Amino acid sequence: GLVLAAARGLLVTLLVAYVVFFGLLLYQLMARGQAIASLAHILATLGGDRVARTLVLCLPLGAFFEGASGFGVGIVIVAPLLLALGYSPARAALLALLTQNAVPWGALAVGTLLGAELAGLAPDTLGVGCAYLSLLLFPYFGALALLLGGGPKALRAHSLLLGLASVLMALAAWGGTRLLGVELAMVVGGAATAAVLLAVLRRRELATPAETAPALSWTRAVAPYLALVAGLLLSRLVDPLRTWLLTHAVLSVPPAGFTLPLLYSPGFWLALACAVAVVALRLDRATVGKELGHAARRWWPATLALAAFLVLAEVMLRAGMTEHLAASTAALLGTAYVLAAPAVGGLAGFLTGSNSAGNAMLMGFQIQMAERLGIAPLVLAAAQNTASADLSLASPQRVVLAAAVVGLSGHEGALIRRALPIGLGVVVLITVAELAWLALLGR
């Protein structure tokens with residue numbers, strides 16, 4: 001009953017708290033070892049101004065990290081780099097949430113794979129459907145990155161770069177899914193898009209002159225991140241290793257339907273990156289102990305806030321409140337439900353902070369509604385998957401993570417209030433794309 005739901009909420013907190021703690025620790029170690037300062041110097045040599053680099057960090061690189069890992073790791077990596085570019089903690093946190101622009105392909109598309117299974121569709125078919133519904137989202141997220149980074153003037157100045165980035169991201173989502181499969185689409189596509197944009201910036205815009213020498217060599221500065229990316233990719237692309245990691249050191253609580261593969265989770269690879277940082281940055285034992293304490297003090301408030309949100313979401317789910325709300329909406333709207341389908345899916349993603357959980361909650365309901373309305377199940381399945389995935393950017397789980405990394409624990413409410421309008425825009429654009437798709441199908 002509700003006690004089990006509350007227990008599951010606390011257990012699910014561990015999934016995110018595991019990632020949050022080592023993400024915080026990695027940032028603390030990188031900052032203490034002068035790696036963040038060196039990365040800021042490296043960013044200044046990439047070409048383009050600060051806003052152009054922000055677009056690359058938030059859009060394709062955010063999609064790459066999300067595709068390779070999920071769980072908001074893109075936030076953990078990009079937020080400190082945004083701080084290094086000179087943004088305030090509040091602005092860096094909001095910008096970092098934009099890295100969640102390709103969540104349908106996140107964590108090797110694990111949520112989409114589950115959604116396809118529940119909907120009775122081929123995963124790549126659902127992935128291509130999500131690519132159609134994301135056509136308007138990539139320019140939307142890119143424009144927000146430019147506006148938040150430098151205002152309307154920056155948006156006008158970088159309109160061509162935004163157009164190129166949007167086209168490349170759309171091609172990565174659609175073409176990558178068709179050619180490589182939904183699992184690898186953004187791992188490859190996000191990295192390729194970032195490489196093209198950086199090449200354009202170096203060719204067309206001068207890099208900002210560095211006033212000082214880097215604090216340490218770039219190889220030592222990026223070594224922890226390279227270790228993180230290598231570990232994530234190997235653990236997800238090498239099947240024997242993936243299977244071993246998923247079946248060893250697994251924390252399991254069957255009554256609550258909870259499992260946490262400790263070695264497969266991004267938290268483990270963040271911990272490994274922390275170890276690499278200690279070695280590469282030559283940090284002594286006293287320094288590491290001190291930074292562990294700093295990370296723990298920032299981690300506890302964030303974890304407690306997260307636990308409260310997740311317990312509430314689980315209680316609502318187990319009590320049938322969310323499904324009842326969705327069913328009532330369908331009964332009220334009738335055939336006009338197609339207008340509400342993305343909002344219903346987005347509600348699930350917002351409450352759970354997980355594409356997988358959102359699909360588990362409401363994908364079956366969306367398919368039933370498609371059958372009742374006589375429209376292609378793929379359309380509502382894609383609407384559910386895309387909205388549930390992308391609305392997770394405004395979820396308490398992701399907001400807590402972003403606030404913790406930039407040192408704003410305790411200010412999550414203000415950040416959610418700023419993220420929710422972004423989420424509302426996502427729902428509107430998905431709805432517009434859905435209606436256009438239905439019009440093309442003659443429905």
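Predicted model: local features only at pLDDT ≥ 70, side-chain atom pairs only at ≥ 80, totals over all residues.

Visitor: What makes Ala249 partly exposed?
Guide: Its relative accessible area is 41%. Buried needs a value under 20% and exposed a value over 50%, so Ala249, at 41%, is partly exposed. Ala249 also has a positive phi of about 55°, although it is not a glycine.

Visitor: Why is Arg282 called exposed?
Guide: Arg282 has 66% relative accessibility. The cut-off for exposed is over 50%, so Arg282 qualifies.

Visitor: How do you know that β1 and β2 pair?
Guide: Pairing asks for at least two bridges between the strands. Four bridges join β1 to β2 (residues 258-261), so the two strands pair. They run antiparallel, and Ser252 stands opposite Thr259 in β2. The two strands form a hairpin with four residues between them, and Gly257 in the turn has a positive phi of about 60°.

Visitor: Why is the contact between Glu291 and Arg32 called a salt bridge?
Guide: The closest N and O atoms of Glu291 and Arg32 are 3.0 Å apart. The limit is 4 Å, so the pair counts as a salt bridge. By this rule the count comes to one salt bridge. The pair links distant parts of the chain, with Glu291 in helix α14 and Arg32 in helix α1 (residues 2-32), 259 residues apart.

Visitor: What makes Thr99 buried?
Guide: Thr99 has a relative accessible area of 0%, and the cut-off is under 20%, so Thr99 is buried. Thr99 lies in the loop between α5 (89-97) and α6 (106-119). Leaving out residues up to four places away in sequence, its contacts include Leu57, Cys58, Glu66, Ile75 and Val78.

Visitor: How do you know that the length of α6 agrees with its number of residues?
Guide: At 1.5 Å a residue, the 14 residues of α6 should span 20 Å. The end C-alpha atoms of α6 are 19 Å apart, which agrees. Just after α6, Gly120 takes a positive phi of about 70°.

Visitor: Which residues of α6 are buried, and what covers them?
Guide: Among the buried residues of α6 are Gly106, Leu108, Gly111, Thr112 and Gly115. What covers the buried residues of α6 includes α3 (50-68), α7 (123-133), α10 (185-204) and α11 (218-237).

Visitor: What about cysteines: why are Cys58 and Cys274 called buried?
Guide: Cys58 is at 2% relative accessibility, under the 20% cut-off, so Cys58 counts as buried. Cys274 has a relative accessible area of 4%, also under 20%, so Cys274 is buried.

Visitor: How many disulfides does the structure hold?
Guide: The structure holds zero disulfides. A disulfide would need a pair of cysteine sulfur atoms within 2.5 Å.

Methods: Residues numbered from 1 in each chain as written. Heavy atoms only, no water. Buried < 20%, exposed > 50% of the residue type's maximum accessible area, 1.4 Å probe, protein only. Contact = heavy atoms within 4.5 Å. Expected span 1.5 Å × (residues − 1). Salt bridge = Lys/Arg side-chain N within 4 Å of Asp/Glu carboxyl O.
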